[in-house]
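This report describes selected strands, residues and a helix pair of one protein model. Please consult the sequence and the structure shown here.

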Amino acid sequence: MNFDADYGRMYEELASSTIPGYDHLFLMVRGLLEARLPDAAEILVVGAGGGKELVTLADGSAWSFVGVDPSAQMIAFAQHKVEQADYGDRVRLQLGYAHDLPNEARFDAATCILVLHFIAGDDAKLALLRDISARLKSGATLVLVNLYGEDFDPDIVTAWRVFQRARGRTIEAIDAQEARARATTQFVSEPRLMELLDAAGFEQIQRFYTALWFGGWIARKK
């Protein structure tokens, strides 16, 4: 999925029509973080491109943010949204990856939303989670949302297609999205995800969101 081409330009609309609960997901995340973080918290946002997540989390809070994303186009979209919302003084965006940031435990929380399933293989997934963990303070919060399960379960595929049709997508568009998903996404089972999080230094893991094959978890750094 090329976030620097058409897929990136249509991402927000596409996510809303293909991910059940997407329109309220970041509000849920903000509520979870408000329950744990002080007013002066600094948050790392991995996969920050687009800007919807940043603007939603910044709204009504005094938190500051560092967002990373490997797509120049998505970073530009995020910068535009952040500036339109007048949050530019609290948000710093960087083109690249979590491992490009200084290796110091400075953040009070991190989010990694709809990113992990684009990472191929358990070793690479674990490396990303460790890169995030290394930049979090002890006791910091991680919010993780991604596809999970045992690959493309046919019942879930059918339900996913019904959801998209109800959101007004054409059969042709749904077929194309399914083909893209099958070619680019990497499932991980929930038990294996728990093992990866533990190995990366996280504990007290709780699932807070389930929508077909999308799941969300909140955890603390050990």
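Which residue of strand 5 stands opposite I113? The residue opposite I113 is V145 in strand 5. The model is predicted, so that local features need pLDDT of at least 70, side-chain atom pairs count only at pLDDT 80 or more, and totals for chains, interfaces and linings use all residues. Residues are numbered from 1 along each chain as its sequence is written, and side-chain values use heavy atoms, with hydrogens and water left out.

Helices (H or I, at least four residues) and strands (E, at least two) are DSSP runs, numbered from the N terminus. Strand 4 covers residues 107-113 and is mostly covered, 7 of its 7 residues being buried (under 20% relative accessible area, with exposed over 50% and partly exposed in between, for a 1.4 Å probe and protein chains only). Its pairings are listed below; two strands pair if DSSP finds at least two bridges between them.

| Strand pair | Bridges | Direction |
|---|---|---|
| strand 1 (residues 42-46) and strand 4 | 4 bridges | parallel |
| strand 4 and strand 5 (residues 136-147) | 6 bridges | parallel |

D69 belongs to strand 2 (residues 64-69) and is buried, its relative accessible area being 9%. Apart from residues up to four places away in sequence, D69 touches G47, A48, G49, M74, I75, Q94, L95 and G96, where contact means heavy atoms within 4.5 Å.

Q206 is placed in strand 6 (residues 202-211). Beyond its neighbours within four places in sequence, Q206 contacts R36, G216, W217 and I218. The C-alpha atoms of Q206 and I218 are 5.4 Å apart, although the two residues are 12 residues apart along the chain.

**Helix 6 against helix 9**

Two packed helices are described by the angle between their axes and the distance between the axes. The axes of helix 6 (residues 122-133) and helix 9 (residues 190-199) come within 9 Å and cross at roughly 45 degrees. Helix 6 is therefore oblique to helix 9. On the helix 6 side, D122, K125, L126, L129 and R130 take part, meeting R192, L196, L197 and A199 in helix 9. By class, this contact has 5 nonpolar, no polar and 4 charged residues.

Terms used: Axes are lines fitted to C-alpha atoms, for helices over the stretch in contact, and angles run from 0 to 180 degrees between N-to-C directions. Angles under 35 degrees count as roughly parallel, over 145 as roughly antiparallel, 65 to 115 as roughly perpendicular and the rest as oblique. Ala, Val, Leu, Ile, Met, Phe, Trp, Tyr, Cys and Pro count as nonpolar, Asp, Glu, Lys and Arg as charged, and the others, Gly among them, as polar.
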